Amino acid sequence: MIARHPLVVQRVNKALALIFLITLLIVMLFPFAIVTINAFKTPQEYASNGPLSLPGGFYTQGLKDFWKRVDFTNKLINSTVISVSVAIIGIGLALLNAFALGIGRVRGRVWFLILFLMANTLPQEALAYPLYYFAKYLGLYNTRLSVIIVLSVIQSAFGTYLLTSVFSTFPREIIEAARIDGANKLQLLTRIVAPISRPTLSVLFVFFFIWTWNEFFLPMILLVSTSNQTVPLAIAVLQGQHNMDATTSSASALLGILPCIVFFLLFQRTLTRGITAGSVK
Amino acid sequence: MRKKMLSFAILLLAVLVAVAPNLSSRAAAQEDKVLKIWHYESPNGAMGIAWQAAMDKFQELHPDVTIEFEARGFEEIRQTAPMILNSDEVPDVMEYNKGNATAGFLSQNGLLTDITDVAIERGWDQILSPGLQTTSRYENGIMGSGPWYGVTNYGEFVMVYYNVDMFEEYGVEVPTTLEEFENVMQTFVDAGITPLSLGATEYPAQHVFYQLVLSQADREWVDAFQLYQGDVDFHDEAFTFAAEKIVEWTERGFISEDSTGIPAEDMGVAFTNGEFPIMVSGSWWYGRFMNEITDFEWSTFLWPGNELHAGSGGNLWVVPANAKNKELAYDFIDITMSTEIQTLMGNEGGIPVNADLDQIEDPKIQELISNFNRIIEADGFAFYPDWPAPGYYDILVSGVQELIAGTMSPEEALDFLADPYFEYRETVTQ
Amino acid sequence: MTAQRSSLDRGYWVFMVPGALALLLVIIIPFLVNVAISFTEWNGITSPTFIGIENYERAAHDKTFWLSFKNNLYIIVSMTVIPTIVGLLLASFLYDYVANKIGKTAANIFRAGYYLPQILPVAIAGVVWRWILQPRWGVLNWLLGLVGIEPQNWLGDADIAIYSVMGIMVWFQIGYPLVIFMAALQRVDPELYEAASVDGANWFQKFVSITIHQIRPEIFVVVLMTLIHSLKIFAQIFVLTRGGPGRATMVPSYFSYQNFFERANIGYGATISTVMTVIIVVLTILFIRVQSRQELQEAL
């Protein structure tokens, strides 16, 4: 893949590439910039100069008031507990399912895969009323546990599908070798298959965390008390019947996604670790 | 890496265990000593401030009661109220929307407490005029008469905000008839200015539409449309007039075609910036404009030529049927209706129903309240156009957008508005 | 091969039991309940009334219903077709050229940046995009004005609203295939590329016959998942246009939501979502069968 071009051309290519990528980056991140400049405006600045103007200073009072009003700390905790739980349980379920379908090649696996995927194909509005009545009946209405259970199943569908697809092309020689060495199925899963799939598992972990963090609809249905609610629901409080508190919304949105960004950055390293190159041999 | 994941998992487990009590059902607190209040008004708005003062007052009078207040979201309550109130996770008193589609619907399905006796006993029926009571009383899900299922403690109505400086600059006077209003707007158009700030992505456009309808309607018409007390014809004079006017006003440049891409929030901000001389919307902007408009002088007038105006009593306090502390809830509601709290609400830019008018300081607010009282005296409340059926709001937004965009003719748009209206009305009046 | 398989793969089904059980309780049964509801008229609180296939007949004649599916086709282009292709090219570019010639950190930074739109809550993204696309003072019209293009009513003009939404969906969606493909590329043995270079293959040939071929499981997954997401799209429509102007951007999910949560027409809402689900499931079945047939051919 290494081009054999003179150094100058290589440098020009690099510069062009960078220009293109950075322009694209600006386009992708521009909305974030807008959220940021509005996060620090006073409501008066916003009303007089509009959303696209720069703030005069660093106004944080709106955010502080909002934080207290909705007990944002509590919301952050709820969101974190739910998102991490769902990520872990979701990966667990997906791994188990995909192990059976992709490695074990269970009979009728195509149909099972489709069934598992149904968790993701169902529109959430369709689930709302049945899940509401089930949760009430089981005494789980207005509990974070109900949200964790439901979202774990929904997220694991994607995980099952991705992992099964990847496992289907898993090098059979490794499995054979392990079986010959006397490994049982559980050992096969935990000592060989799971470690090798680490990049994929990391991707799943990040996705599940972020998707669950931003889930709005089902948490809104299943969580009633504000003490149980999550960050997106708290931010929605700012959208009033006739008005919207734009500056506080921006501030709280930024705050609300910080954990996701931190999470994503933490897992960047795992996402880039290359490992299979050697093991296939 | 595996060790890290393992330790992370253990940490998580610890966290889960530590917060486990939160995971399972609500704490069985001393339920008789707790008052749960929910509302979705902004804490800096007139109602938010007044109701906070009411909570403080309540605490003084009931020192042994714990107040659990939850700041809710409007959209959230609108969407989930039928589910929440059909369970045990209810508050004792909460703010809720008025109208057939909301309070009417819930009352008909037994989710709200009938508070008629309380209203009479505590004199709320004396405080609220019959016009204001309409939204508090529902018979078989239709408002206007019957038992009290909620009570309102403030008012709201739609009016015309205008930029006094710009009116002076262009030599126009406050209009008193619809024709004069059109002339005023024509003057601005001729000067190259779009007169009306309109957020047609959301509710404002349907309010303008409704005001136009009301200019050709009467009380009987309103009662037929809103209270199902008579026949409704979507191709009658009033509706047709309004639909054609919307098209005409867009063609003449009174309404910008861009308005279909502008939400209510932007509409208000644009008026605040002096970009448009006129804005037609509700009293909920009043307090905000008082704080935020600093560059020019502004004022309001009632929609010229109309006896009827969009408006009503404000959102209701309702007591869910499953509430646990109804007596405390009634005490709280009573406090919000008291002169002291009402006067405070007025001074903060809201429209009170029971304020001591001598104590209202700001002349702008005095003007607001007196306009409101004029409507009360003329029995001019026509409520809001999206009330008659659930989900009608979206239909109206769509329909008026199609008129402005020219993608539907007036007849087509009116047909579009008619079907969902009759569909719901039939299920209710059966 | 069959003989070897049977001794190895008995007993794997056990691993599926927890997932299957959870699926049954949380998804399958509620779905069946939803189908049952679609044959009734219900307001969500009192008892439902059985009305047979009346809801389905109504849907068949409902213009909004058909319009919403037609709009879905546009969404599919913007959420599946474009992001997958762009994601593939971009992932390859970042993973290979950028990581090697400019630096791994640079590649990571770009990846993180391109993925960020997926993290922003849809509600806030909606507000911000409405500001950017505002007809009077929005940034886009201002930028276009600099090069002499007329300002447009991006979200309020019935003719172009759907295209504006499409553009926003591409912005939103690109990070998703990008991250998956970049993780997938790690599985590709670099020696394959070297061998191909020795054989004289150019960049494009290597891209098609090695890259795409090696990560085709992930490609299948991305295409199917984005397809499913496009068919289910709701939140973005809700915050950007609410199906408007008029019904120019109406989609099935929003239409069913309106019936569920605004019109208290639970039965009809259930009908729409059942139809949606059936379509999605059929597509899923077709897709997965094609995918597994491909795998079978590969294995031989």
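1. Start with one pair of residues. R247(C) and E402(B) form a salt bridge, with 3.7 Å between the closest N and O atoms. The model is predicted.

2. Six salt bridges are found across the interface of chain B and chain C. Which helices of chain B supply at least two residues each to the side that touches chain C? They are α4 (74–84), α5 (100–108), α19 (392–405) and α20 (410–429).

3. Between chain B and chain C, 16 residue pairs are in polar contact, both residues being at pLDDT 80 or more.

4. Now the extent of this interface. Contact involves 34 residues of chain B and 31 residues of chain C. The two chains bury about 2600 Å² between them, and 49% of that is on carbon and sulfur atoms.

5. Turn to chain C and chain A. Here 102 residues of chain C are in contact with 101 residues of chain A. The buried area is about 9100 Å², with carbon and sulfur atoms giving 76%. In chain C, Y12(C), F15(C) and W131(C) lose the most area to chain A; together they account for 9% of what that side buries.

6. The side of chain C that touches chain A has 67 nonpolar, 20 polar and 15 charged residues.

How values were computed:
Residues are numbered from 1 along each chain as its sequence is written. Chains are lettered from A and ligands numbered from 1 in the order in which they are written. This is a predicted model: local features need pLDDT of at least 70, side-chain atom pairs count only at pLDDT 80 or more; totals for chains, interfaces and linings use all residues. Side-chain values use heavy atoms; hydrogens and water are left out. Contact means heavy atoms within 4.5 Å. Buried area is the accessible area (1.4 Å probe) that two parts lose on being put together, summed over both. A salt bridge is a side-chain nitrogen of Lys or Arg within 4 Å of a carboxyl oxygen of Asp or Glu. A polar contact is a pair of N or O atoms within 3.5 Å; within protein, one must be able to donate a hydrogen and the other to accept it, and residues adjacent in sequence count only if both atoms are side-chain atoms. Helices (H or I, at least four residues) and strands (E, at least two) are DSSP runs, numbered from the N terminus. Ala, Val, Leu, Ile, Met, Phe, Trp, Tyr, Cys and Pro count as nonpolar, Asp, Glu, Lys and Arg as charged, and the others, Gly among them, as polar.
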